[in-house]
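Colleague: I'd like to go through the charged side chains in this one. Can we start with the model open?

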Amino acid sequence: MKTGVHPENYRLVAFKDMSNEDVFITKSTAEAKENITVDGVEYPLIKLEISRTSHPFYTGKTKLIDTAGRIDKFKNKYKKFKKDEKSE
């Protein structure tokens with residue numbers, strides 16, 4: 001194996017999904033500022049907003065999006081740019 005290719009800080013790290021509190025452990029070189037204890041062993045902690053346990057693609061569950069509210073916000077925001085029909 002070629003020397004000097006792989007990073008030296010490759011170690012086990014705990015990743016925590018903050019949306020559902022799921023924790024999984026895998027190898028990583030990511031820098032961590034916090035630690036967490038899992039099954040009596042302390043690991044560096046990386047916090048995630050979404051992971052395989054909470055992403056709609058993997059869970060099969062979709063989230064309801066307020067499209068009507070978003071459309072109304074868009075119309076109100078750009079109402080001032082609308083051309084007057086009387087002036088044409």
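Colleague: Is Lys16 buried or exposed?
Modeller: This is a predicted model, and in it Lys16 counts as buried, at 17% relative accessibility. The cut-off for buried is under 20%.

Colleague: Which residue forms a salt bridge with Lys16?
Modeller: Glu21 does, and the closest N and O atoms are 3.0 Å apart. Glu21 is partly exposed, with a relative accessible area of 46%.

Colleague: Where does Glu21 sit in the fold?
Modeller: Glu21 is in the turn of the hairpin formed by β1 and β2, which have five residues between them. Its phi is positive, about 65°.

Colleague: And how do β1 and β2 pair?
Modeller: They are antiparallel, with six bridges between β1 (residues 11-17) and β2 (residues 23-28).

Colleague: What stands opposite Lys16 in β2?
Modeller: Val23.

Colleague: Back to charges. How many salt bridges are there in the whole structure?
Modeller: The search finds two. Besides the pair of Glu21 and Lys16, Lys47 and Glu34 meet in a salt bridge through their side chains, at 3.3 Å from N to O.

Colleague: Why do Lys47 and Glu34 both count as partly exposed?
Modeller: Lys47 is at 45% relative accessibility and Glu34 has a relative accessible area of 39%.

Note on methods:
Residues numbered from 1 in each chain as written. Predicted model: local features only at pLDDT ≥ 70, side-chain atom pairs only at ≥ 80, totals over all residues. Heavy atoms only, no water. Salt bridge = Lys/Arg side-chain N within 4 Å of Asp/Glu carboxyl O. Buried < 20%, exposed > 50% of the residue type's maximum accessible area, 1.4 Å probe, protein only. Pairing = 2+ DSSP bridges. Helix = DSSP H or I, 4+ residues; strand = E, 2+ residues; numbered from the N terminus.
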